[in-house]
Amino acid sequence: MKKLQLLFTAVIAVALMASCGNTGKDKTASNKKAKTITGAGATFPQPFYNKIFKSYTKEKGLLVTYGGIGSGGGIRSLKDKIVDFGASDAFLNDKKLADMPAEVLHVPTCLGAVVAAYNLPGKPELKFTPELMEGVFMGKIKKWNDAKIAAVNPGVKLPDMEITVVYRSDGSGTTFIFSDYMSKVSTEWKEKIGAGKALKWPVGIGAKGNPGVAGTISQTEGAIGYIGSEYAFAMGIPVASIQNKAGNFILPSVESVSASAKGEMPADTRVSLTNTDAADGYPISSFTWLILYKEQNYNDRSADQAAQTIKLIEWVVSPEAQKETTKVHYAPLPEAAVAKAKAVLGKVTYNGKALK
Amino acid sequence: MNSEKIFKYLLVSSGVLMVLIALGIVATLFVGSIPSFKEFGFGFLFSTEWDPTEGRETYGALPFIIGTLLTSILALIITFPFAFSISLFLGEYFKDGALPSFLRSVVDLLAGIPSVVYGLWGFYALKPLVAELGLNAQGFGIFTSSVILAIMIIPYASSLGAEVISMVPGSLKEAAYSLGATRFEVVRNVIVPNAGSGIFAGYILALGRAIGETMAVTMLIGNSNNMPTGIFDLGNTMASLIANQFGEAEGLKYTALIEIGLILFVITGIVNYIGKLIMKKLSA
């Protein structure tokens, strides 16, 4: 008993000392050195972020952690000021920007595609027009051998099989990109379903996360769903080529996704690329963004923490990191977008003074 | 202070802490769901609309309340014959020996398997089977989830039953035998009336577990937010909806989900309370 008591006292004493030590350090927070950079948000670009943040940590010796908690979670974390940066596939609209406690900047990091992936016996190559997309995903076309599908895909043997639509059951930036596209090409979709991170689906099965949808498609004959391209390519699921605004059927690829970003970009980089005008552009493409506060002195962050955060994001848009995008089936930023991203980063301040 | 007293204070304070935590959970759920309640009122309980699209957001809990009750009650019905047989087998027919102890370990093992593993097994083994049988097109849905839930709750439903059945006084059973009763008659007229409340308590425990189960259900139910039309239709449960949608939820949807959590909490409370009432009646 005596020994136990002694041990107990010792443990408490150590714990107390440790906590005192911590508060001592916190007092000098404003000039302390950055040890880790923390970000959280979208899962759509997560394979890319995981890859480059790992190599950044290795090269520069500064630990970067990224939590794939979803775009909404990323925005909320930034709002709660518990991360150095957030990440989102959908840019914050004006209303959401106004809801944030301080001015928020968007930095695009790469381009990705959302693909229509399907599971049919024999893995035929399929083409989809916007009308077919609307018909299938709204449950108006119920069978794979429907005359409307056959008319666009002459010569393809289509089975007499029920179409099972698979969608994301969790709120997701991928859903936003897909529904943003659908709302642009279909007025009926826009009126009945609309664009958002979670939707009211008239038909289909919900599965959790990009991996969940990919798994459900590959396990269910006759299924079709939308996923981030990386997940379809990684699992070898066939994807449809989709007719773009210019009338061409385009397969998702690094080139066709890059092509979709040819248009003008506003200074704050908030632009939707879906249903692109580019003749060789894949129509369901999107930028994905890192978001951060313009004024970096919040929540007792040190000047070094702010400087290191900016350095990291600058590196993300540098050629060294951008060349990694294609290895995980994303497309690098076009030069114009890199210039815009750098201009945005130039606006960042600490205590009102420019960081660079 | 002597160790006697310290021990007593430790016990009292941990007991009080538990009560405080439970109250704290209710309080946070309650406060969190106020904005949603203000917007939808009691209509939230009866509305079948779950439309998260910006500009026309409306939320209603009915499809998920129905989905939760349907899956868990169906699971209880499916599990009943198995759980009851196991209880009788272990509590009355074969109390000791290698086979019963093996069976007991296997049933206990069922309770220890993480629910995501059940979900995985359901996804790769049970779902294709349901589709093969032609019960519905893809094999997902309320029925499939109920079967998985039924397997998951067998240990909860059976072990308490076995325990109370084995505790039925031997003198009662012997008296019945001496009057010429067969074994089945003893089970029906002596054991079940005597152990009834305990067996029932096991089922309530199992139902509570089925109501709150999340992961395995999410993987199999199809996560459709429309009102289910039958037991082979797709659906969604309250727990599964929260797990799915919480990550990205903001504003009104965020508080609607918290309100769903509160309803789930209340339903679990009501189930337990009804269970206690019936148990009291049975044992009286």
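Start with α1 (residues 3–40) and α11 (residues 251–283) of chain B: their crossing is left-handed, meaning that the near helix is turned anticlockwise from the far one by less than a right angle. The two axes come within 7 Å and cross at roughly 125 degrees, so α1(B) and α11(B) are oblique to each other. Axes here are lines fitted to C-alpha atoms, for helices over the stretch in contact, with angles running from 0 to 180 degrees between N-to-C directions; under 35 degrees counts as roughly parallel, over 145 as roughly antiparallel, 65 to 115 as roughly perpendicular, and the rest as oblique. Helices (H or I, at least four residues) and strands (E, at least two) are DSSP runs, numbered from the N terminus.

A note on what you're viewing: this is a predicted model, where local features need pLDDT of at least 70, side-chain atom pairs count only at pLDDT 80 or more, and totals for chains, interfaces and linings use all residues. Residues are numbered from 1 along each chain as its sequence is written, and chains are lettered from A and ligands numbered from 1 in the order in which they are written.

Now show side chains where the helices meet. On α1(B), pick out V26(B), L29(B) and F30(B), among others; on α11(B), the partners include L252(B), I258(B) and F265(B). Contact means C-beta atoms, placed from the backbone, within 7 Å.

Next, jump to chain A and select the sheet. It is open, with eight strands in the order β2-β1-β3-β11-β4-β8-β6-β7 and mixed pairing; strands pair if DSSP finds at least two bridges between them. β2 (63–68) and β7 (205–207) of chain A stand at the edges with a single partner strand each, so one side of each lacks a neighbour in the sheet. From one strand to the next, the twist averages 25 degrees.

Zoom in on β3 (residues 85–88) of chain A. F85(A) and A87(A) point one way, G86(A) and S88(A) the other, and all are buried (20 or more other C-beta atoms within 10 Å of a residue's own; exposed is 12 or fewer, partly exposed in between). β3(A) runs parallel to β1(A), with three bridges, and A87(A) is the bridge partner of G41(A). Towards β11(A), three bridges join antiparallel strands, and G86(A) stands opposite I291(A).

Last stop: β4 (residues 104–118) of chain A, which nine bridges join to antiparallel β11(A). Look for C110(A) opposite T288(A).

Notes. Contact = placed C-beta atoms within 7 Å.
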